[in-house]
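The entries go from the whole chain to single residues.

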Amino acid sequence: MEPVKAAIIYYSATGTVHTLAQAAFEGAEKAGAVIRFRKVRENAPPEAVDSRPEWREHLDATADVPEAVLDDIAWADVVLFGTPTRFGTPSAQLKAFIDSTGPLWAANQLADKVYSVFTASGTKHGGQESTILSLSNVFYHWGGIIVPPGYTDEIQYKTGNPYGTSHVTGDGPVDDIHLEAARYQARRAVETAAALKAGRAA
Ligand SMILES: Cc1cc2nc3c(=O)[nH]c(=O)nc-3n(C[C@H](O)[C@H](O)[C@H](O)COP(=O)(O)O)c2cc1C
């Protein structure tokens, strides 16, 4: 069977979600997927970016990461989305990309794929779950198959978030537990997509 095609599509202003996305890449790779690692386009005005040196620094440091295009979703069997929490919802940058998927939706090219979400917030109860659930609404409209990590692995009892890997940026840099959780989440999503792919090919 052809390997599972995984797209990791994320937005990160200051690097936290980017770090989680890299761990998700490792997990997907270990599960045997071929991967497209993509950031979404920055749509904030340059003066907003420049107002926070860590934002500008991260943007410059990831200039070589290709920007997501619609074909990245069309191509994939499984899409892992990463976004920071913005007032308890996904970032406008990721939402702008999501809102450009109308043509794929109209051509029924979004359905039947596996989707999973990871996030980061500034504070512990700052809206991680609402961010993931908010994005999950989109997958219902797409006819997607939502694969959360649940409590299906030991690591999930350490992170305590069954909705998706979620780091609290205020606690400091992404730690090993959250890196492992992101790897696990991606592996589980890819393995589910592989089972679906094999079943459909049978
Ligand atoms: C406009 C804005 C809104 C935010 N809203 C929240 C929020 O509702 N809850 C929270 O805990 N953190 C909030 N944050 C903090 C970010 O979620 C946090 O800095 C982010 O997870 C860092 O991810 P990044 O390093 O990948 O950009 C907000 C940040 C900004 C700039």
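**Notebook: from chain to residue**

I began with the contacts in the protein chain that have a separation of 6 or more, and found that residues 24 or more positions apart account for 79% of them; two residues are in contact if their C-beta atoms, placed from the backbone, lie within 7 Å. I noted that this is a predicted model, in which local features need pLDDT of at least 70 and side-chain atom pairs count only at pLDDT 80 or more, while totals for chains, interfaces and linings use all residues. Residues are numbered from 1 along each chain as its sequence is written.

**Overall form**

I looked up the secondary structure and found nine helices and six strands in the protein chain, where helices (H or I, at least four residues) and strands (E, at least two) are DSSP runs numbered from the N terminus. The radius of gyration is 16 Å, close to the 17 Å that the globule rule gives for 202 residues, so the protein chain is as compact as a globular protein of that length; the radius is taken over C-alpha atoms, and the rule is 2.2 Å times the number of residues to the power 0.38. Along the principal axes, the C-alpha atoms fill a box of roughly 55 × 40 × 30 Å.

I then checked burial, and buried residues make up 43% of the 202 residues. A residue is buried if 20 or more other C-beta atoms, placed from the backbone, lie within 10 Å of its own, exposed if 12 or fewer, and partly exposed in between.

From the record I took one annotation: UniProt, in an unreviewed entry, lists residues 6-189 for "domain: Flavodoxin-like", and such annotations may be inferred rather than shown by experiment. Over residues 6-189 I find 45% helix and 17% strand, with the end C-alpha atoms 9 Å apart.

**The largest nonpolar core**

Which residues touch the most other members of the largest nonpolar core? Of its 51 residues, they are A6, I8, A24, A28, V78, L80 and V190; a nonpolar core is a set of buried Ala, Val, Leu, Ile, Met, Phe, Trp, Tyr and Cys residues joined through C-beta atoms within 7 Å. Among the elements that each supply at least two residues of this core are β1 (5-10), α1 (16-30), β3 (78-84) and α9 (176-201), and α9 gives the most, with nine residues. In soluble globular proteins, nonpolar side chains tend to be buried together.

**Around the ligand**

I counted 19 residues around the ligand, of which the closest are S12, T16, S121, G122 and G126; a residue is near a molecule if its C-beta atom, placed from the backbone, lies within 6 Å of it. The elements that give two or more residues to this shell are α1 and β4, and the largest share, three residues, comes from α1.

Is A120 buried or exposed? A120 is buried, with 27 other C-beta atoms within 10 Å. Beyond four places in sequence, the contacts of A120 include T16, V17, L20, P84, S166 and H167.

**Two residues in one loop**

I stopped at the loop between α6 (102-106) and β4, where D112 has its place, and N108 is in the loop between α6 and β4 as well. N108 has a positive phi of about 55° although it is not a glycine, and phi of D112 is near 70°, also a positive value in a residue other than glycine. Most residues other than glycine have a negative phi.

I compared their surroundings: N108 counts as exposed, with 10 C-beta neighbours inside 10 Å, whereas D112 has 13 and counts as partly exposed. Not counting residues up to four places away in sequence, D112 touches G143 and I145. I also noted that D112 and V78 are 34 residues apart in sequence and 9.2 Å apart in space, C-alpha to C-alpha.
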